[in-house]
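Here's a quick tour of one protein model. Have a look at the strands, the ring pairs and the pocket as you read.

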Amino acid sequence: MKTYKDLSPSLRTIMTPGPVEVDPRVLRAMSYPILGQFDPEFTELMNETMDMLRDVFQTSNQWAFPIDGTSRSGIEAVLVSIIEPGDKVLVPIYGRFGHLLVEIAERCGAAVVTLEKAWGTVFDPEEISAAIGREKPAIVAMVHGETSTGCVQPFDGIGEECRRVDALLVVDAVATIGGVPVRTDEWLLDAVIGGTQKCLSVPSGMSPITYNARVEAKVLRRKTIERGLRDIDAAVPTVRPVASNYFDLGQLQDYWSPKRLNHHTEATTMLYALREGLRIVLQEGLEARFQRHKKHEAALVAGLQAMGLTLYGDPTCKLAVVTCIRIPAGVDGEAVRAMLLGSFGIEIASSFGPLKGQIWRIGTMGFSCNQKNVLHVLGALEATLHWHGVDISTGKALQAALAVYAGEATPC
Ligand SMILES: *Cc1c(COP(=O)(O)O)cnc(C)c1O
């Protein structure tokens, strides 16, 4: 019989845009005993998780709960629950994840209209508002922080324009929640999707979402009756039921409400992890956490620039939690990543599509975002590039980063 070794994953320094390292308190939370899904002790944990999510999303929405599945499960749940076949959905695209929104919206039967921006830049919010005014879509779906390009899209005026034409504004904040400000209510975002394995520093496997009464109204209009039949109110024959059971927000919110109508079996262990991860986020404090991400970004950027490396993307819209670097000419980006992993135990990311082979991406997210990791990645990258014969300035990167940490250099 074939035998297998004990499971013993290596301890890595994970400097990618997810999954990132997890606080040991979260890992400990995942080893606690199982509770039944209707056990009052467990439903209390569910309620506390909803409360903490409202704080993290900066919202007073009634609905804030996780979808079980990776972050795209949250995106699918929101889109499949609000898009009725034929609805016009406007998607401004400035990187890979905008294309994901298009793909999911099309599968929901949307008539998708796109706007595109060159990768490495973002839209002037007025361009998006003008398109909303022109197209009058039912829904606008867009990405807040593009992990593929390391850019962050400002929202000034977009929420107001959506209200003006009565469009719902859906935002993928998977990469940003818990790392950079996501002000759901202030920015008039109707539905927001977060991720666990990025700045919240919880393992992959849940997607926290929030949505307001405007979204709920559309969801309820489409709600199927509990008998499991598509028994839609005859008075509104044009309303189509949600094409997914698993992702039907109407059923999910009944499960997360005091009614506790059975839908799925909540993922006990992941819920423990999310609750502990959120508790740690709020204990640190949101604004302090955003500042921490900016500080380590500043040290990392100072180090990379002191080495003579060139950052990718428009610096005016740089996302604090992902730093993209142009791979220097003449070096194999994958050989460098392999040496970082093999010799230093450090993982950094490559990129997708048109940027494949062109840039590396270094994440500074959540628990991975700390001084030890930033200094470790800078030292290792310098040594690795030198080893590969790349012409860089040696001996400067760590000094530049240390100067930022000592408060001697102004953060970017
Ligand atoms: C990571 C990411 C996703 C997808 O997350 P999965 O957990 O892999 O499904 C979607 N959008 C953005 C912006 C991301 O960074």
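## A strand pair

Let's start with β11, residues 322–326: this strand runs antiparallel to β13, and the two pair over five bridges. Within that pairing, threonine 323 sits opposite isoleucine 362 of β13. Keep in mind that this is a predicted model.

How covered is β13 (residues 359–363)? Mostly covered: five of its five residues are buried. In a regular strand, side chains alternate between the two faces of the sheet. Here Ile359, Arg361 and Gly363 point one way from β13, while Trp360 and Ile362 point the other way, and all are buried.

## Rings that meet

The model has 10 aromatic pairs. Take phenylalanine 65 and tryptophan 256: their ring centres are 5.6 Å apart and their planes sit at 10°, and with planes under 30 degrees apart counting as stacked, this pair is stacked. Phenylalanine 65 belongs to strand β2 (residues 63–68) and tryptophan 256 to helix α8 (residues 249–256), so the pair ties together parts 191 residues apart in sequence. Both partners are tucked away: phenylalanine 65 is buried at a relative accessible area of 0%, and tryptophan 256 counts as buried at 1%.

Now for phenylalanine 97 and phenylalanine 352. Their ring centres lie 6.4 Å apart with planes at 85°, so this pair is edge-to-face. Phenylalanine 97 is in helix α4 (residues 96–107), and phenylalanine 352 is in the loop between β12 (346–347) and β13, so the pair links parts that are 255 residues apart in sequence. Phenylalanine 97 has 13% relative accessibility and counts as buried, whereas phenylalanine 352, at 27%, counts as partly exposed.

Ring pairs also join up into a cluster made of Phe38, Trp63, Phe65, Tyr211, Tyr255 and Trp256. The stacked pair of phenylalanine 65 and tryptophan 256 belongs to that cluster.

## The largest pocket

How much space lies in the largest pocket? About 550 Å³. Its lining has 28 residues, and those closest to the centre are Val152, Lys294, Lys318, Leu319 and Ala320. Two elements give two or more residues to this lining, β7 (151–152) and α10 (286–306), and α10 gives the most, with seven residues.

What kinds of residue make up the lining of the largest pocket? There are 15 nonpolar, eight polar and five charged residues. As for domains, at least three lining residues come from each of domain 1 (32–281) and domain 2 (285–405).

Key: Residues are numbered from 1 along each chain as its sequence is written. This is a predicted model: local features need pLDDT of at least 70, side-chain atom pairs count only at pLDDT 80 or more; totals for chains, interfaces and linings use all residues. Side-chain values use heavy atoms; hydrogens and water are left out. On a 1 Å grid over the protein atoms alone, a cavity is a set of points where a 1.4 Å probe fits but cannot get out, and a pocket is an open set with protein on both sides within 12 Å along at least five of seven lines; lining residues have an atom within 4 Å of a point. Grid points are joined across faces, edges and corners, and a volume is the space filled by probe spheres set on the points. Helices (H or I, at least four residues) and strands (E, at least two) are DSSP runs, numbered from the N terminus. Ala, Val, Leu, Ile, Met, Phe, Trp, Tyr, Cys and Pro count as nonpolar, Asp, Glu, Lys and Arg as charged, and the others, Gly among them, as polar. Domain bounds come from an automatic or database domain assignment. Buried means under 20% relative accessible area, exposed over 50%, partly exposed in between (1.4 Å probe, protein chains only). Two strands pair if DSSP finds at least two bridges between them. Rings of Phe, Tyr and Trp (its six-membered ring) pair if their centres lie within 6.5 Å; planes under 30 degrees apart count as stacked, over 60 as edge-to-face and the rest as tilted.
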